[in-house]
Amino acid sequence: MKYETGELWWSDETFNIFEVDPRQFESTYEAFLNELHPDDRHLVNQAYTESVANHTPYDIVHPLHFKDGRVKYVNERCETFYDDAGKPLRSVGTVQDITEREQAQQLLSESQARYQSYFIHANNAILIFDPEGDLILDANPKACELLEYGHDELLHTSVSSFHPDEMEALEVFVKAVFSEGNAVTEELTCLTKSRQRISAIITGAVIPYEGNTAVLAVVQDVSDRVRLEESLAHSELMYRQLFERTGTGMTVVEADGTFSLVNQDFAKLADSVVEDIIGRSYLDFVDEQDRARIKSYHDSRLLGEEAPLSYEFRFSTAAGRTGWTLLNIAFISETGQTLASVIDVTETKQAHERLRLAASVFDNTAEGIVVTDTDGNIIEVNKAFTEIMGYSREEVLGRNPRIWQSGRHDINFYRNMWKALIATGSWRGEIWNRRKDGDVYPGWQNINGVFDEDGKLTQYVSVVSDISQIKQSQEKLDHLAHHDALTGLPNRLLLSERLKQAIRHADRTGTDLALFFLDLDHFKHINDSLGHPLGDQLLQDVAEKLTQSLRREDTVARVGGDEFVLLLGSVSRPEDIANMAEKLLKAFRAPVLLNGHELSIGASLGISLYPQDGKSADELLHNADAAMYRAKEEGRNNYQFYTEALTHKAFERVLMENNLRQALEKEEFILHYQPQLDLHTGKIVGAEALIRWQQPQLGLISPSRFIPIAEDSGLIMPIGEWVLQEACSQAKKWLDKGIDIGRIAVNVAGPQLQRGRLVEVVQDVLAKCGLPASRLEIEVTESLLMQKTESAIKQLDELRQLGIVLAIDDFGTGYSSLSYLKQLPIHKLKIDRSFVHDIPGDPDDMAIADAVIALGKSLGLTVIAEGVETLEQAEFLRGAGCQEVQGYLYSQPVTAEQFEQLISLHELK
C-alpha cells in the first residue's frame with residue numbers, strides 16, 4: 001500500500017480470501033476497512049496505525065463477516081517501509097485464511113473447557129496420579145475437601161500414603177486398571193490429614209495425560225453408607241451393598257416410569273439427592289433430543305416386544321448439566337419393574353470425539369504427514385502428502401523417505417538432522433524434496449519422535465508444508481521493497497545499498513564515483529493539468545530514457561515523485577561527467593507523444609563526486625540534491641556541479657520554506673502597486689498588485705526569491721488566494737473613496753488555474769469585497785497557456801463571461817502560435833520586460849516588440865509593455881502603436897497609501 005495516498009495493490013489470492021471482485025474494488029485503504037465488520041474495523045486500523053507509528057510490523061487475527069452469514073478468520077501480517085527521514089512510504093503485507101485452524105482451536109478449547117468444568121465442579125473427589133511414580137498429578141476441589149489437604153499439598157504426594165493399611169489392595173487395583181482396559185472400581189479405606197479413616201469407592205481408569213498415561217480415580221466417600229448398612233439386617237445389607245457399592249449409578253424404575261429406588265452414584269450423576277429423585281419420572285433425566293427414543297424402548301419392553309437392553313443417551317441433570325450415559329438393564333420383573341445401571345460416559349465420548357477429530361485433522365490438514373517406524377520405514381501417510389508429493393499411499397508404505405531426496409542437500413545436512421532427532425527427539429527446518437514427477441520444491445518440515453509410556457521411541461511423525469508460494473512471495477516482496485512499483489527502477493533503499501557498495505569498491509580500487517540528482521522541470525504542472533495517469537506514463541518514459549543512456553553497470557533509481565538518481569562508477573575526468581550530463585539533457589529535448597499529447601519536459605541535474613564532495617552515501621545524495629536546486633535557480637534544464645556554498649544555500653532555502661509556512665498566519669505579506677498608464681494620454685488606467693514579504697529577520701524579500709519555493713511546496717495556493725482577496729479589497733476601498741484607478745491587475749500562478757477552482761475562488765472574492773468584475777484584470781503567463789488544457793481555456797472563458805479582463809503576461813518568452821492565440825478568450829498582451837530593457841540599443845528586441853504590437857492589433861488585443869525605464873523606450877513604443885505601459889519611468893511599486901498620493905499628484909498634473 002502506498003502510505004501517502006492509501007492506494008492498495010492486492011494479489012489474486014487476497015481478492016479470493018476477501019471474496020471481492022477486483023473490477024469493483026476501489027483498491028484503497030478506506031475500501032479495505034469498509035470490507036471489515038464494524039466491530040473489527042477499529043481494532044485492525046488501530047493495530048496498523050500503531051505499527052506505523054512505532055516502526056514495528058504487526059500481526060493480527062480477525063474475522064471476516066459475509067452477507068450470507070459465513071465467517072472467515074484471517075491472519076494479517078504487515079510491515080511498513082520508511083524513507084531516510086522516517087516518513088512512511090509504503091506498507092507490504094500478507095493475508096492468510098486460517099478459518100480451519102481457528103475452528104479446530106475453538107472445538108479443542110470447548111472440549112477442554114467442558115472437561116475442566118466437570119473436573120472442578122464434580123461432586124465426586126477425583127484424583128489423577130502417575131502409576132509408576134505413585135504420585136498425585138492433579139486433584140479437584142472435592143478431593144482436597146475429602147482428604148483435608150490443600151491443592152498444592154496434594155500435588156506430588158504419594159497415593160499410597162492415604163492407604164497405609166491397604167498397600168497390597170492398592171497395587172492390585174492399579175494393576176487391574178491397566179489390565180482390564182475399562183473402568184475398575186475398588187473400595188478402600190483412606191486416611192485424611194486429620195488421621196480420620198473414611199471408606200471410599202474408587203473407580204479407576206487409564207487416561208492419556210500430557211503425552212503419557214495416568215490413572216483417573218473417582219473417589220466416593222461411602223463412610224456414612226457403610227455405617228448405615230451395618231445397622232440393617234444381613235440380607236438388606238447385602239442387597240444395599242450390592243446396589244450402592246457398584247461404583248455406578250443404579251436405579252429401579254416402576255412400570256409407570258417413576259423411580260422407586262436409586263443409589264447415591266446416580267443421585268450424584270443427576271446433580272441431586274436420592275430423596276428428590278424418588279417418585280420422579282425417568283424421562284425427567286433424559287435430554288429432550290433422546291426422550292422419544294428412550295420412551296419407545298421402555299414401552300416396548302412393557303409390551304413384551306424386543307428392545308435394546310444396553311444403550312447410550314444424553315442425560316440431563318437437575319442442575320441443567322448434560323452429558324452422555326450408558327444404561328444397562330440388569331433385571332425386569334413380571335410387574336414391569338426394571339433394575340438398571342447408569343454410567344457416566346461423557347469423558348469417554350469426549351475422548352472418542354477427540355480421536356475422531358484427530359483422525360479428521362490427519363486426513364484433512366493441508367500439510368503432508370508421514371509416520372515412520374524407528375527404522376524410518378513409512379507406516380502411514382495422509383491425503384495431503386499424496387497431493388503434495390504425487391505418490392499414492394500404496395506406493396510409499398514400507399519404503400524409506402529417501403526416495404524423494406532432491407539432491408540439493410549434502411550428506412552433512414542429513415547427518416545433522418539425525419543428530420538433532422537423536423539428541424532432542426525433534427528437528428525442524430527448510431528442506432528441498434522431489435515430487436514423483438521429478439519437480440523439486442521447497443518445504444518446511446517438522447519431525448518429532450513419538451514415545452510410549454515407558455519413554456521408548458515408537459515412531460517418527462513428519463509434517464511437511466509446500467512453501468513454494470511463500471518463497472515466490474518473499475522474492476516478490478523483496479523486489480517490491482527494493483524497487484519502485486511504477487517504473488521498476490531501484491528505489492531509495494536499493495540505491496543506498498548500491499551507493500555504499502560502490503564507495504567501498506572505489507576505496508579499494510582508487511577510482512571515483514559520480515552521483516547525478518535529476519528532477520523533472522514543471523512536472524507538477526503536467527500532473528495537475530493532464531492528470532496523474534498521463535504523468536505516470538511520462539515517468540515510465542523518463543525511466544526508460546535514463547536507463548538507455550547509461551552503461552549496464554551504472555544505476556538509475558527513482559527516489560521521489562519526479563526525482564531520479566544516477567550512480568556512475570569508475571569515472572575519471574570531470575569533462576567526461578559533463579559530457580554525460582549534456583547527453584542526458586539532450587535526451588529530454590525531443591518531445592514525447594503520450595495519449596495524443598505532445599509534451600516537452602526538461603530536467604535539472606545536480607552532480608556530486610566521490611570522494612571530493614562527500615565521504616558517505618547520505619552526504620553525496622544531499623550535496624547532489626543541493627546542486628540540483630542550484631540548477632533550477634539557474635533557469636532549469638541545465639546541470640550544476642556541487643560546491644560547498646550550495647550547502648549553505650540549501651540550508652537557507654529550507655529555512656525560508658519554514659518561515660514561509662508561517663508568513664500568512666503572522667501577516668507578514670504586503671502588497672505594492674505599480675501604475676499602468678495609457679501611453680498616449682498619460683492617464684492611469686490600472687494598477688498591478690505585486691506581493692512583497694516583510695520578514696522580521698531578513699527584511700523585505702522580493703517575490704523572485706520566495707515564489708519559486710511557494711510553488712514547489714504547494715504554498716502558492718493560499719498565498720495566491722490571499723493576494724486576490726487583498727488586491728480586490730483595496731481596489732473596492734479606493735472606489736468607495738472616489739479614487740478611480742481603472743482596473744486592479746492580479747497575477748495567477750499555474751496551480752491556481754490547473755486545479756480547476758479559479759472561477760469559484762474569483763467569484764467568492766468579488767462577492768465578499770463587492771468589487772465589480774469589470775474592475776478586475778487576471779494575468780496568466782504565456783508558458784502556462786501553452787499547455788493547451790481544455791480545463792484552463794474553459795475557466796478563462798468563464799472569467800471573461802463574468803466581465804473580467806484577461807491578459808497574457810511575459811508574452812514573447814514562449815512559442816504561442818497565431819492560430820492558438822485566436823482560440824484564447826483574452827483581451828491583452830503584455831510584452832515581457834526582457835524585450836524592452838535593451839531598446840533602442842538592440843535591433844532584435846525592437847523587432848520583437850514591434851512584431852508583438854502588430855500581432856496584438858491584428859487580433860484586436862490591447863498591448864501593454866512592462867519594464868519601461870527610459871524616455872527612449874517610451875517613445876519607441878508610442879511610435880510602434882503600443883497602447884499601455886508600466887515601469888520605473890513612471891513609478892516603482894509602492895504601498896497603497898503611496899499609490900493614493902501618486903493618483904492625487906497625477907490628477908493635479
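Reply: The model is a predicted one, in which local features need pLDDT of at least 70 and side-chain atom pairs pLDDT 80 or more, while totals for chains, interfaces and linings use all residues. Residues are numbered from 1 along each chain as its sequence is written, and side-chain values use heavy atoms, with hydrogens and water left out.

Aspartate 12 sits in helix α1, which covers residues 12–18 (helices, at least four residues of H or I, and strands, at least two of E, are DSSP runs numbered from the N terminus). Together with Glu13, Asp97 and Glu100, Asp12 makes up a negative surface patch. Patch residues have over 30% relative accessible area and no salt bridge, with like charges joined within 9 Å and nonpolar side chains within 5 Å.

Helix α1 also holds phenylalanine 15. What kind of pair do the rings of phenylalanine 15 and phenylalanine 25 form? Their centres are 5.9 Å apart and their planes stand at 80°, so the pair is edge-to-face (centres within 6.5 Å make a pair; planes under 30 degrees apart are stacked, over 60 edge-to-face, the rest tilted). Phenylalanine 25 is in the loop between α1 and α2, 10 residues away from phenylalanine 15 in helix α1, and the pair links distant parts of the chain. Phenylalanine 15 and phenylalanine 25 are both buried.

An edge-to-face pair is also made by tyrosine 48 and tyrosine 58, with 6.2 Å from centre to centre and 70° between the planes. Tyrosine 48 belongs to helix α3 (residues 38–54) and tyrosine 58 to strand β1 (residues 58–65), 10 residues apart. Tyrosine 48 and tyrosine 58 are buried as well. These four residues belong to one aromatic cluster, whose members also include Trp10, Phe18, Tyr29 and Phe32. The whole structure has 30 aromatic pairs.

The loop between α1 and α2 has a charged contact too. Glutamate 19 in this loop pairs with lysine 72 in strand β2 (residues 71–82), so parts that are 53 residues apart in sequence are tied together. The contact is a salt bridge, 3.2 Å from N to O (a side-chain nitrogen of Lys or Arg within 4 Å of a carboxyl oxygen of Asp or Glu). Glu19 and Lys72 are linked with Asp68 and Arg70 in a network of salt bridges.

Strand β2 leads on to one further contact. Aspartate 84, in the loop between β2 and β3, pairs with arginine 492 in helix α18 (residues 492–509), so this pair ties together parts 408 residues apart in sequence. The closest N and O atoms of this salt bridge are 4.0 Å apart. Aspartate 84 is exposed, with a relative accessible area of 59%, and arginine 492, at 23%, is partly exposed. Across the structure, the count of salt bridges comes to 40.

Definitions and conventions:
Areas by Shrake-Rupley, 256 points an atom, 1.4 Å probe, with all protein chains shown as cover. Lys, Arg positive; Asp, Glu negative; His and termini not counted. Charge placed at Lys NZ, Arg CZ, Asp CG, Glu CD. Phe/Tyr/Trp six-rings, centres within 6.5 Å; stacked < 30°, edge-to-face > 60°. Buried < 20%, exposed > 50% of the residue type's maximum accessible area, 1.4 Å probe, protein only.
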